[in-house]
There are 2 protein chains.
Amino acid sequence: MDEGAARRVSMADVAHLAGVSGQTVSRVANDSPRVDPATRDRVRAAMDELGYRPHRAARALRTGRTHTLGLMVSTLASVGNSRMLQAVADAAAARRYALVVVTVASAGDVQGAFTRLRDQEVDGAVILNEATALTAGELPDDLLLMVVDAAGPVGPHDTLHIDHAGGARAAVEHLLAFGHATVHHLAGPEGSFAAAERERGWREALAAASVPVPEVLRGDWTAASGHAAALTLDPDATALFTANDQMALGALRALGDTGRGVPGAVSVVGFDDIADAADFRPPLTTVRQDFDALGGRAVETLVRRIEAGPAAGAAVLETTLVVRASTGPAPR
Amino acid sequence: MDEGAARRVSMADVAHLAGVSGQTVSRVANDSPRVDPATRDRVRAAMDELGYRPHRAARALRTGRTHTLGLMVSTLASVGNSRMLQAVADAAAARRYALVVVTVASAGDVQGAFTRLRDQEVDGAVILNEATALTAGELPDDLLLMVVDAAGPVGPHDTLHIDHAGGARAAVEHLLAFGHATVHHLAGPEGSFAAAERERGWREALAAASVPVPEVLRGDWTAASGHAAALTLDPDATALFTANDQMALGALRALGDTGRGVPGAVSVVGFDDIADAADFRPPLTTVRQDFDALGGRAVETLVRRIEAGPAAGAAVLETTLVVRASTGPAPR
DNA sequence: GTGCGATATGTTGACGTCAACACCCTGGAG
DNA sequence: CTCCAGGGTGTTGACGTCAACATATCGCAC
């Protein structure tokens, strides 16, 4: 009776022990209501006794669904992306979906990344549109996608994004309220939706206040690029809005090294509110985006599509301004 | 002939088009040598024409292997963990393995996390032993694991870790060479292997130099905890080794706020060399660990075990000291 | 007592793949 | 000419699950 090799426990084993058919075990495993409570208990007991766990692959083969989500991201080096990943991972786990991560090394690798998603047989995927600058034409329509950081519904896909522009406006208005003549901007890389939106919000706020619009500085989200860009900042500038916190870190160093105190000489506002921002010197005033809500919402929408069906839409999440010590009145 | 619903392309379809049996298609798909080159070309052409992709689930069902790796991690909020994830994801992708991420929310959730890994039917998993403080007793032996940051082979499992102690020694020796009377230490949380090892290296280096060992400060890897701990630093301290860069960031702020210049009054060394460290104020001297090598090595070993077989071992990777501007001579 | 609906359970087969085995050829040795 | 080796290919069946259909049982209305 006792087989040498430990064989996997299958439904048939459970069925045999519980004295029912395999189909009934299947029904119990899938919470079908069509099972007598007494039978259900008996089957459950047999499952526990044998340590039964359903076989994902077999289930996937039969049903065509893998109960797996994908996450496509360009890099995990940026803190924002890491936070998103964590949020998406948690949200997926809460819904008992697995999460596979696909990184897209270069812009030319986007189609390869989609192929990898298809190979994984994911039921759906969250696309972090950061730096990959996807156009509708690049998005396949044979995959169920939730595109984070795209302007509106892209083809048949849902989209979701933070209100980058609104957050940027709030940052600029905060600075203008301190009496600064204008606000300079250290933008993110070209081709990034988030960078473009934040820049747009900055422009709008300046325009609304009828204030001159300085030339834009540009970085690539890294602290190093922020440092380099800030070294070229107009000597007369008194207020700087950087498109993310890490570039703000670099800017703070550049300003410090050139003898311009923050916020004494120059006020600085970042974007993201990464965990470290409160410990920058000085602690950074920044625009907080709620990564957990973003990731949760993305997964929620995706799962609803998987399990229910169509209805593409777009959603926008609000930001909040977190005021710390890097902003103050304009020097007189 | 033309079915309404788009049905998946299977081996049978390819076989039919190429005029061979399904088995021959299978052989081509798996690079079996037992196929006539002409036949192989014909099958390949048919695959391309139909857009055939093998069905992972069916393959997994048949072979019992999913070609999927797991990564278990406590949190992705720390930059080090994110970097590891990225490295592991890239290494797995290079070997055409999928990667599923499992986060373990609390210490009590460890077994739940293993269950999730089993449910995913992973062929093997990389365990980042950060903060979860796994003991051998907690590690299941029905999963193939590669434990990163464990002392030696754990049960049947391979292990791998950075030479934390060696890196710490190098940091301390660097500071002592500047003439500091001793070096204080801001350690990581209790129960963390990395934190314990770094602390050990610090102690060893002090002992080797016959220098007094100050009381240890302790944080939880976050910048905020580093700030709080550093506020309690001995006023006479002139050198501080923090167990990671993010705590160093907090410490830099605390020192700055209490009027102690770095490196004028106090020299500081971190650990990790995160991307931002070069833009701290001042740029941080730190111990670099090569996350890419670590992740690559972990995956490489794991895959070899999966595809070849046993032979548990342990490996240690070296660190390098990166000297920047946060360290200097002891004040006289 | 008959008929019928509702509920509970069982039977069959197929999802796509690949291992094991069976078979057919070709060519060379004896 | 026979036999055999070995390469190339086909046939069969099973992995574990679940949808569809079939069957059994019960209660109740007529």
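Predicted model: local features only at pLDDT ≥ 70, side-chain atom pairs only at ≥ 80, totals over all residues.
# Helices, contacts and backbone angles

User: OK, and how far apart are the end C-alpha atoms of α10(A)?

Analyst: They are 18 Å apart, which agrees with the 18 Å that the 13 residues of α10(A), 245-257, should span at 1.5 Å a residue; the expected span is 1.5 Å times one less than the number of residues.

User: How many of the residues of α10(A) are buried?

Analyst: The count is 11 of the 13, so α10(A) is largely enclosed by the rest of the structure. A residue is buried if 20 or more other C-beta atoms lie within 10 Å of its own, exposed if 12 or fewer, and partly exposed in between, with C-beta atoms placed from the backbone. Among the buried residues of α10(A) are A:D245, A:Q246, A:M247 and A:R253.

User: What covers them?

Analyst: The cover of the buried residues in α10(A) includes α5, α9 (223-230) and the strands β6 (184-187), β8 (239-242), β9 (267-272) and β10 (285-288) of chain A. Contact means that the C-beta atoms of two residues, placed from the backbone, lie within 7 Å.

User: Let's take α5 of chain A then. At what angle does it cross α11 of chain A?

Analyst: The axes of α5 (residues 79-94) and α11 (residues 291-307) of chain A cross at roughly 45 degrees and come within 8 Å, where axes are lines fitted to C-alpha atoms, for helices over the stretch in contact, and angles run from 0 to 180 degrees between N-to-C directions. α5(A) and α11(A) are therefore oblique to each other; angles under 35 degrees count as roughly parallel, over 145 as roughly antiparallel, 65 to 115 as roughly perpendicular and the rest as oblique.

User: Which residues meet there?

Analyst: From α5(A), A:R83, A:M84, A:A87, A:V88, A:A91 and A:A92 meet a set in α11(A) that includes A:F291, A:D292, A:L294 and A:V299. By class, this contact of α5(A) with α11(A) has nine nonpolar, two polar and three charged residues. Ala, Val, Leu, Ile, Met, Phe, Trp, Tyr, Cys and Pro count as nonpolar, Asp, Glu, Lys and Arg as charged, and the others, Gly among them, as polar.

User: How are α2(A) and α3(A) set relative to each other?

Analyst: Their axes come within 10 Å and cross at roughly 90 degrees, and α2(A) and α3(A) are therefore roughly perpendicular to each other. In this contact A:T24, A:V25 and A:V28 of α2(A) meet A:T39, A:R40, A:V43 and A:R44 of α3(A).

User: Is A:D31 buried or exposed?

Analyst: With 8 C-beta neighbours inside 10 Å, A:D31 counts as exposed. A:D31 is in the loop between α2 (22-29) and α3 (37-50) of chain A, and has a positive phi of about 55 degrees although it is not a glycine.

User: And A:E121, buried or exposed?

Analyst: A:E121 counts as buried, with 22 C-beta neighbours inside 10 Å. A:E121 also has a positive phi, near 60 degrees, in a residue other than glycine, and is found in the loop between α6 (110-119) and β3 (124-128) of chain A.

User: Where are the cis peptide bonds?

Analyst: One joins A:V262 and A:P263, with omega of about 10 degrees, and A:P263 is in the loop between α10 and β9 of chain A. Another joins B:R281 and B:P282, with omega of about -5 degrees, and B:P282 lies in the loop between β9 (267-272) and β10 (285-289) of chain B.

User: Switching to the interface, how many residues of chain B are in contact with chain A?

Analyst: There are 41 residues of chain B in contact with 41 residues of chain A. On the side of chain B that touches chain A, α5(B) gives the most, with seven residues, and the residues of that side divide into 20 nonpolar, 11 polar and 10 charged.

Methods
Residues numbered from 1 in each chain as written. Chains lettered and ligands numbered in written order. Helix = DSSP H or I, 4+ residues; strand = E, 2+ residues; numbered from the N terminus.
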